Amino acid sequence: MSPILSIVVGATLLTVITIAYGGTFVLRTTTGGYPFNGLQKTFFRAGHAHAGVLVILGIVCALAQASAGVTGGWEWAAVGVLASAILVPAGFFLAVIGRDPQKPGKAMALLWAGVVVLAISLAVVGASVIAAGVAALG
């Protein structure tokens with residue numbers, strides 16, 4: 001793993017602390033601690049869950065590529081997975097900001113942008129790991 005990618009992964013591991021703290025926010029919203037409607041509660045739960053899963057997936061992708069010996073800049077695709085860990089939850093959270101929204105707002109575009117980034121990044125990560133494995137066979 002390149003030194004810069006190691007720093008990115010290390011910093012990402014530190015963000016898990018904020019995701020854990022976000023869990024307390026989600027707990028308070030779902031137990032009536034804040035006056036949010038059902039749509040907001042559902043989207044907050046989804047945003048929190050996607051943040052945690054996508055951060056771990058991004059770290060796994062970086063480690064898989066490093067383990068397989070992926071080089072040539074392709075290892076940066078794992079950063080795309082980590083970027084989706086920002087975009088997708090941001091779409092969920094920001095789409096329902098406001099007083100009693102009845103439907104998601106325009107910030108849903110962030111969610112869909114994150115989905116596209118995630119799909120492309122995962123395709124590159126998967127292909128690069130396979131290519132590195134095939135190259136290692138000789």
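This is a predicted model: local features need pLDDT of at least 70, side-chain atom pairs count only at pLDDT 80 or more; totals for chains, interfaces and linings use all residues.
Trainee: Why is Gln65 called buried?

Mentor: Buried means under 20% relative accessible area. Gln65 has 1% relative accessibility, so Gln65 counts as buried. Gln65 lies in helix 2.

Trainee: Which residues is Gln65 in contact with, leaving aside its neighbours within four places in sequence?

Mentor: Val70, Trp74, Glu75, Ala77, Ala78, Val125, Ser128 and Val129. Of the residues of helix 4, Val125 and Ser128 are among the buried ones.

Trainee: What makes Ala113 partly exposed?

Mentor: Partly exposed lies between the buried cut-off, under 20%, and the exposed one, over 50%. Ala113 has 33% relative accessibility, so Ala113 counts as partly exposed. The place of Ala113 is in helix 4, residues 108-137.

Trainee: How far apart are Ala113 and Ser84 in sequence and in space?

Mentor: They are 29 residues apart in sequence and 8.1 Å apart in space, C-alpha to C-alpha. Ser84 of helix 3 and Ala113 of helix 4 both belong to the contact of these helices.

Trainee: Why is helix 3 called roughly antiparallel to helix 4?

Mentor: Helix 3, residues 77-94, packs with helix 4 at an angle of about 160°, their axes 7 Å apart. Angles over 145 degrees count as roughly antiparallel. Therefore helix 3 is roughly antiparallel to helix 4. The crossing of helix 3 with helix 4 is left-handed.

Trainee: What classes of residue make up the contact of helix 3 with helix 4?

Mentor: There are 19 nonpolar, 5 polar and no charged residues. Gly counts as polar. The contact includes Gly80 and Gly91 of helix 3 and Gly114 of helix 4.

Trainee: What makes helix 1 roughly antiparallel to helix 2?

Mentor: The axes of helix 1 (residues 3-30) and helix 2 cross at roughly 160° and come within 10 Å. The cut-off is over 145 degrees. So helix 1 is roughly antiparallel to helix 2. Helix 1 also passes helix 2 in a left-handed crossing.

Trainee: Which classes does the contact of helix 1 with helix 2 have?

Mentor: This contact has 11 nonpolar, 8 polar and 2 charged residues. Lys41 and Arg45 of helix 2 take part in it, and Lys and Arg count as charged.

Trainee: How do you know that the span of helix 4 is close to the one expected?

Mentor: Helix 4 has 30 residues. At 1.5 Å a residue, 44 Å is expected, and helix 4 reaches 44 Å from its first C-alpha to its last. Just after helix 4, Gly138 takes a positive phi of about 100°.

Trainee: What do the buried residues of helix 4 pack against?

Mentor: Helix 2 (38-68) and helix 3.

Terms used
Residues are numbered from 1 along each chain as its sequence is written. Side-chain values use heavy atoms; hydrogens and water are left out. Helices (H or I, at least four residues) and strands (E, at least two) are DSSP runs, numbered from the N terminus. Buried means under 20% relative accessible area, exposed over 50%, partly exposed in between (1.4 Å probe, protein chains only). Axes are lines fitted to C-alpha atoms, for helices over the stretch in contact, and angles run from 0 to 180 degrees between N-to-C directions. Angles under 35 degrees count as roughly parallel, over 145 as roughly antiparallel, 65 to 115 as roughly perpendicular and the rest as oblique. A crossing is left-handed if the near helix is turned anticlockwise from the far one by less than a right angle, and right-handed if clockwise. Contact means heavy atoms within 4.5 Å. The expected span of a helix is 1.5 Å times one less than its number of residues.
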